[in-house]
Amino acid sequence: MRIDEQYILLKDIKVHAFHGVFPEERQIGTDYIVNIKCGVDVDKAIKSDNINDTISYAYIYKVVQEEMAIPSNLIEHVAGRIMNRIIKECKKHLLSIRINIVKTNPPGCSDAGIELYKSLIFKKNITKKF
């Protein structure tokens, strides 16, 4: 069976964290919603039913929880840390990654956030040719 696109999704991970440039954000904290979409090659996992042939969504959830627990001034910084860690530790199966972090109820609007996307397909294709 040929599948054109394959993703592991973690939607609406709710985290209370202490990010921001204002002292009250670091003391009281804010609620965040994190979404992760990992492009993966799961062809082998479909056949094998073995967790080692894919990326564990439980592991990605753990990375999100651990990185969100480290206070930062900017959610851009937090999103970058999450992305870099998942790329580093899951590169065997990872083709792309999209991370979206939303800060709920910031001053002046209902939500504010950041979204990062990185494709690793080009890099993998070059590696395979040589």
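Buried means under 20% relative accessible area, exposed means over 50%, and partly exposed lies in between. These cut-offs apply in every legend below. The model shown is predicted.

**Overview of the chain.** The chain holds five helices and four strands. Read from the N terminus, the order of elements is β-α-β-α-α-α-β-β-α. The C-alpha trace spans about 50 × 30 × 25 Å along its principal axes. Of the 130 residues, 40% count as buried. The close-ups that follow pick out single sites.

A disulfide is a covalent bond between the sulfur atoms of two cysteines. How many disulfides does a search of the whole structure find? The count is zero. C38 is in no disulfide, and the nearest cysteine sulfur, that of C90, is 7.0 Å away. C90 is likewise in no disulfide, with the sulfur of C38 as its nearest cysteine sulfur, at 7.0 Å. The cut-off for a disulfide is a sulfur pair within 2.5 Å. Is C38 buried or exposed? C38 counts as buried because its relative accessibility is 0%. C90 has a relative accessible area of 8%, so C90 is buried.

**A lysine over a tyrosine ring: K37 and Y7.** K37 lies over the face of Y7. The distance to the ring centre is 4.2 Å. Y7 belongs to strand β1, residues 7-17. How many aromatic pairs does the structure hold? The number is zero.

**The largest pocket.** The volume of the largest pocket is about 300 Å³. Its lining counts 17 residues. Which of these lie nearest the pocket centre? They are D4, E5, Q6, L95 and I121. Which element gives the most? Strand β3 does, with four residues. By class, the lining has seven nonpolar, three polar and seven charged residues.

I121 sits in helix α5, which covers residues 121-129. I121 is one of the lining residues nearest the centre of the largest pocket. Its relative accessible area is 40%, so I121 counts as partly exposed. I121 and S96 are 25 residues apart along the chain. Their C-alpha atoms are separated by 6.9 Å.

**A positive phi in a strand: D12.** D12 is found in strand β1. Its phi is near 55°. That is a positive value in a residue other than glycine. Is D12 buried or partly exposed? D12 counts as partly exposed because its relative accessibility is 43%.

**A positive phi in a loop: N105.** Where does N105 lie? N105 is in the loop between β3 and β4 (111-119). Its phi, near 55°, is a positive value in a residue other than glycine. N105 counts as exposed because its relative accessibility is 66%. The C-alpha atoms of N105 and D31 are 8.1 Å apart. Along the chain, 74 residues separate N105 and D31.

**From β2 to β1: D31 and K14.** D31 has its place in strand β2. D31 has a relative accessible area of 43%, so D31 is partly exposed. K14 lies in strand β1. Is K14 buried or exposed? K14 is exposed because its relative accessible area is 62%. K14 and D31 are 17 residues apart in sequence. In space, their C-alpha atoms are 7.1 Å apart.

V64 is placed in helix α3, residues 57-68. V64 counts as buried because its relative accessibility is 0%. K14, by contrast, is exposed. How many residues separate V64 and K14 in sequence? The separation is 50 residues. C-alpha to C-alpha, V64 and K14 are 10 Å apart in space.

How values were computed. Residues numbered from 1 in each chain as written. Predicted model: local features only at pLDDT ≥ 70, side-chain atom pairs only at ≥ 80, totals over all residues. Heavy atoms only, no water. Phe/Tyr/Trp six-rings, centres within 6.5 Å; stacked < 30°, edge-to-face > 60°. Lys NZ or Arg CZ within 6 Å of the ring centre and 35° of its normal. Buried < 20%, exposed > 50% of the residue type's maximum accessible area, 1.4 Å probe, protein only. 1 Å grid on protein atoms, 1.4 Å probe; cavity = no way out; pocket = protein on both sides within 12 Å on 5 of 7 lines; lining within 4 Å. Points joined across faces, edges and corners; volume = space filled by probe spheres on them. Helix = DSSP H or I, 4+ residues; strand = E, 2+ residues; numbered from the N terminus. Nonpolar A, V, L, I, M, F, W, Y, C, P; charged D, E, K, R; others polar.
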